[in-house]
Amino acid sequence: MKIRVIEVGGVSKPQLKDKLQQCSIRMNEYGNKLFDDEKFVISPTKRRLETVELSVRNLGFLDGATALQLFQMADTLGLQLCPIDLGPFLRTQYLDQPETCTSSTEKGNQAPSGSITIASKPLIKDDYFPKGFYLRRIEDELWLRGYIADDLHVWNPHDRFIFCRT
């Protein structure tokens, strides 16, 4: 379990986009689609959030679990879903993420090895619209990526998530 305190909010969307570019953060198509959506709003008030990073296994699911199961278990442990705008702020403040071992054996429809998914409520209930963000480092490049998953998707025991703690 890793705990971080992250400052979020207090800037405009264009300012945050500039900060991502200044930090050489790459974004995939889903990440841009999520960030650019009108429902993606950045809090005008700057605040500090305590985040907790843990694996699906750490939440007690040895064989994996759906997002709903993970979120319910996290809630019983006193953890909350993160605001959707945490992703870009966390990415600009967590610049020393370890490199992931990429391999050609990675399968589609699974979280990539070394990725960290931000647990957040989807902006839109649509299986074809990005559900949220995840962080990854690939070939020494930092990424803020969006992802698509339906409610039946089972996350693997080694998949890592970030929740907020009050």
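Reader: How do the residues of the lining of the largest pocket divide into nonpolar, polar and charged?

Author: In this predicted model, the lining of the largest pocket is made up of nine nonpolar, two polar and seven charged residues, where Asp, Glu, Lys and Arg are the residues that count as charged.

Reader: What is the space in the largest pocket, and which residues are the closest to its centre?

Author: The largest pocket holds about 460 Å³ of space. Its lining consists of 18 residues, and those closest to the centre are Ala67, Phe71, Pro122, Lys125 and Asp151. By the classes used here, Ala, Phe and Pro count as nonpolar, whereas Lys and Asp count as charged.

Reader: Which helix gives the most to the lining of the largest pocket?

Author: That is helix 3, which spans residues 67-76 and contributes three residues to the lining.

Reader: What makes helix 4 largely enclosed by the rest of the structure?

Author: A residue is called buried when its relative accessible area is under 20%, and seven of the eight residues of helix 4 (residues 86-93) are buried, so this helix is largely enclosed by the rest of the structure. The buried residues of helix 4 are Leu86, Gly87, Pro88, Phe89, Leu90, Arg91 and Thr92.

Reader: Why does Val41 count as exposed?

Author: The cut-off for an exposed residue is a relative accessible area over 50%, and Val41 has a relative accessibility of 55%, so Val41 counts as exposed. Val41 is placed in the loop that runs between helix 2 (29-36) and strand 3 (47-55). The C-alpha atom of Val41 is separated by 9.7 Å from that of Pro83, although the two residues are 42 residues apart along the chain.

Reader: What pattern does the protein follow along the sequence, and how do you know that it is as compact as a globular protein of that length?

Author: The protein has four helices and 10 strands, and read along the sequence they follow the pattern β-α-β-α-β-β-α-β-α-β-β-β-β-β. Its radius of gyration is 15 Å, and because the globule rule gives 15 Å for 166 residues, the protein is as compact as a globular protein of that length. Along the principal axes, the C-alpha atoms fill a box of roughly 40 × 35 × 30 Å.

Reader: How much of the protein counts as buried, and what share of the accessible surface belongs to carbon and sulfur atoms?

Author: With the same cut-off of under 20% for buried residues, 48% of the 166 residues count as buried. The accessible surface comes to about 9,000 Å², and 50% of this surface belongs to carbon and sulfur atoms.

How values were computed:
Residues numbered from 1 in each chain as written. Predicted model: local features only at pLDDT ≥ 70, side-chain atom pairs only at ≥ 80, totals over all residues. Heavy atoms only, no water. 1 Å grid on protein atoms, 1.4 Å probe; cavity = no way out; pocket = protein on both sides within 12 Å on 5 of 7 lines; lining within 4 Å. Points joined across faces, edges and corners; volume = space filled by probe spheres on them. Helix = DSSP H or I, 4+ residues; strand = E, 2+ residues; numbered from the N terminus. Rg over C-alpha atoms; globule rule 2.2 N^0.38 Å. Buried < 20%, exposed > 50% of the residue type's maximum accessible area, 1.4 Å probe, protein only. Areas by Shrake-Rupley, 256 points an atom, 1.4 Å probe, with all protein chains shown as cover.
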